[in-house]
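Open the model in your viewer and keep the selection panel at hand. The stops below give what to select and what is there.

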Amino acid sequence: MSVSEPVVDIFAASHDGTFNACVGENGMHDLRTYAEGYIDASILLLETLFEKQLLGSRDILVHPILYSARHAIELTIKHVLTELNQCDLKTEKRDIKGHNLGMLWALYKVIAQHDSRLMSLYQKMNPIVEYLDNIDKDAQDFRYPTGNAEQGGEVKQTYEGKRIVDLKTTHNVVTALKELLVSLLNTVDIVSEQRQLGSFTQDLNREELEELSKDCGNDTSAYFVTTKDKWKELRGLSGKGFIRAIEFIKKHREFAGNIGEESDLIALSSELLEQIIEFKLQDIQKNFEDRALPIFERAIKKPISLNAYEKLKGSLTPEFVAELEALYYLSFLSRYSETYEALYGQQLRNLVFEDKAAQQKECMKSFIRLFDKSPFLDSLIKSLRLIGQIQLSKKYFVELNAIERKHEVGVAVVDQDNQTFVEALLNATK
């Protein structure tokens with residue numbers, strides 16, 4: 001009886017696909033996903049060792065455990081430096097290479113000094129990175145039993161001077177390391193995007209500028225003197241740094257609103273916006289009240305969106321509808337206020353046609369589609385806040401909240417007439 005040849009082609013689908021991993025052209029892999037894989041592998045090996053009491057495997061699993069953790073750090077730093085190259089925090093590409101953690105970490109430290117969030121993570125991670133770097137400078141000790149010998153020198157045992165690795169402590173360190181690596185990766189995404197938007201000064205990042213603008217908005221002293229003294233004492237912000245920040249805030253649509261300097265809308269008039277929101281408040285009120293009606297009565301009632309369009313169609317130009325869409329999508333899609341004008345321009349291009357009849361029809365469709373969306377008013381209120389229209393945002397929030405509180409009791413109760421109507425429909429189809 002001949003023995004069948006073993007299947008060795010790991011890239012061929014030989015089973016049901018449950019355990020087929022996506023790689024190469026069939027994956028979305030980069031340095032980040034590789035780093036996540038290595039840190040997860042280190043933790044999984046440790047937890048499997050503990051759960052299955054693999055005491056006989058401790059001395060051989062320790063090497064891939066430590067190497068995977070170290071390699072996760074190396075790949076994370078390389079990914080972070082590469083990602084930050086998309087904004088103003090540049091590192092020469094030729095320097096983002098090699099396996100020396102110390103050198104790569106030093107590059108990150110230089111960059112981190114430009115943003116307090118990056119520096120905070122540097123300080124938290126530094127003890128772990130320095131410790132592993134001191135043990136294994138060039139990713140050799142965790143991979144090989146002997147180190148690279150100098151020319152003509154003696155080959156030395158790796159882990160020189162070490163005799164044991166406490167795997168329980170290792171698990172604690174690696175678990176903490178994973179949390180820090182994930183935090184760093186997520187923070188870098190935010191920092192890179194914000195700095196690409198130009199949302200920073202020489203001294204402060206976007207989040208700090210937002211916080212400062214709110215502090216200034218609550219400051220009753222002339223020229224924000226109280227806030228200036230507070231930030232000098234607690235944040236070490238210099239007088240010139242404070243002036244730079246205030247100049248930035250005053251030019252920023254969102255932050256200027258926090259200090260009482262509200263920017264105008266691009267195309268919408270406050271009067272037209274008021275009418276649109278009044279119609280939407282009526283619509284929300286109607287939806288609450290209609291829950292008490294039988295289903296067939298609800299179906300024959302004319303939607304308020306059509307009434308609103310009939311009343312306002314003479315004012316709903318492509319510019320007005322485009323800004324309405326921009327207001328909706330700004331908060332709904334979790335965009336930054338810095339993208340508002342670009343978002344408006346994008347929506348406007350979709351509404352302008354040479355054929356004026358087609359243009360009017362598209363404006364009507366866009367308006368009704370937006371108006372009928374459940375989160376329409378909630379998104380508008382949030383976006384008005386984002387673009388610095390603080391007072392309007394507060395006003396409409398209070399009005400919406402009043403309607404919701406009025407109807408919050410009993411809104412989930414199914415009316416008996418509705419139930420009877422549904423039962424009649426079901427019986428009729430039997």
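Is Asp-203 buried, partly exposed or exposed, and what is its relative accessible area? Select Asp-203: its relative accessible area is 29%, so the residue counts as partly exposed. Keep in mind throughout that this is a predicted model.

**Whole chain**

Before going further, show the chain as a cartoon. It has 18 helices and zero strands. Colour by burial next: of the 430 residues, 40% count as buried. The chain exposes about 25700 Å², and carbon and sulfur atoms supply 54% of that area. Among contacts with a separation of 6 or more, 71% are between residues 24 or more positions apart.

The structure holds 25 salt bridges, and the next stop takes in several others.

**The network around Arg-206**

Select Arg-206, Glu-210, Lys-214, Glu-254 and Glu-338 together; these residues are linked in a network of salt bridges. Side chains of opposite charge can pair when their charged atoms come close.

Take the pair of Arg-206 and Glu-254 to begin with. Their salt bridge has its closest N and O atoms 2.9 Å apart. It links distant parts of the chain, from Arg-206 in helix α6 to Glu-254 in helix α9 (residues 253-258), 48 residues apart. Both Arg-206 and Glu-254 are buried.

Now centre on Glu-338. Glu-338 also forms a salt bridge with Arg-206, with the closest N and O atoms 2.9 Å apart. Here the link again joins distant parts of the chain: Glu-338 sits in the loop between α13 (318-332) and α14 (340-349), and Arg-206 in helix α6, 132 residues apart.

Glu-338, with a relative accessible area of 24%, is partly exposed.

**Aromatic pairs**

Switch to the rings of Phe, Tyr and Trp. The structure holds 10 aromatic pairs. In one of them, Tyr-38 and Tyr-67, the ring centres are 6.4 Å apart and the planes stand at 85 degrees, so the pair is edge-to-face. Tyr-38 is in helix α1 and Tyr-67 in helix α2 (residues 58-84), 29 residues apart, and the pair links distant parts of the chain. Tyr-38 counts as partly exposed at 28% relative accessibility, and Tyr-67 as buried at 17%.

Move to Phe-371 and Phe-376. Their ring centres are 6.0 Å apart and their planes are at 40 degrees, so this pair is tilted. Phe-371 and Phe-376 are both buried.

**Charges over rings**

Select Arg-195 and Phe-200. The charged end of Arg-195 sits over the ring of Phe-200, 3.8 Å from the ring centre. Then select Arg-235 and Trp-231, where the charged end of Arg-235 sits over the Trp-231 ring, 4.3 Å from its centre.

**Ser-192**

Go to helix α5 and pick out Ser-192. Ser-192 counts as buried because its relative accessibility is 1%. Which residues does Ser-192 touch, not counting those up to four places away in sequence? Show Glu-83, Leu-84, Gln-86 and Cys-87 to see these contacts of Ser-192.

Ile-10 is in the segment before α1 (31-51). With a relative accessible area of 70%, Ile-10 is exposed.

Definitions and conventions. Residues are numbered from 1 along each chain as its sequence is written. This is a predicted model: local features need pLDDT of at least 70, side-chain atom pairs count only at pLDDT 80 or more; totals for chains, interfaces and linings use all residues. Side-chain values use heavy atoms; hydrogens and water are left out. Helices (H or I, at least four residues) and strands (E, at least two) are DSSP runs, numbered from the N terminus. Buried means under 20% relative accessible area, exposed over 50%, partly exposed in between (1.4 Å probe, protein chains only). A salt bridge is a side-chain nitrogen of Lys or Arg within 4 Å of a carboxyl oxygen of Asp or Glu. Rings of Phe, Tyr and Trp (its six-membered ring) pair if their centres lie within 6.5 Å; planes under 30 degrees apart count as stacked, over 60 as edge-to-face and the rest as tilted. A charge sits over a ring if NZ of Lys or CZ of Arg is within 6 Å of the ring centre and within 35 degrees of the ring normal. Contact means heavy atoms within 4.5 Å. Accessible areas come from the Shrake-Rupley method with a 1.4 Å probe; for residues, only the protein chains shown count as cover.
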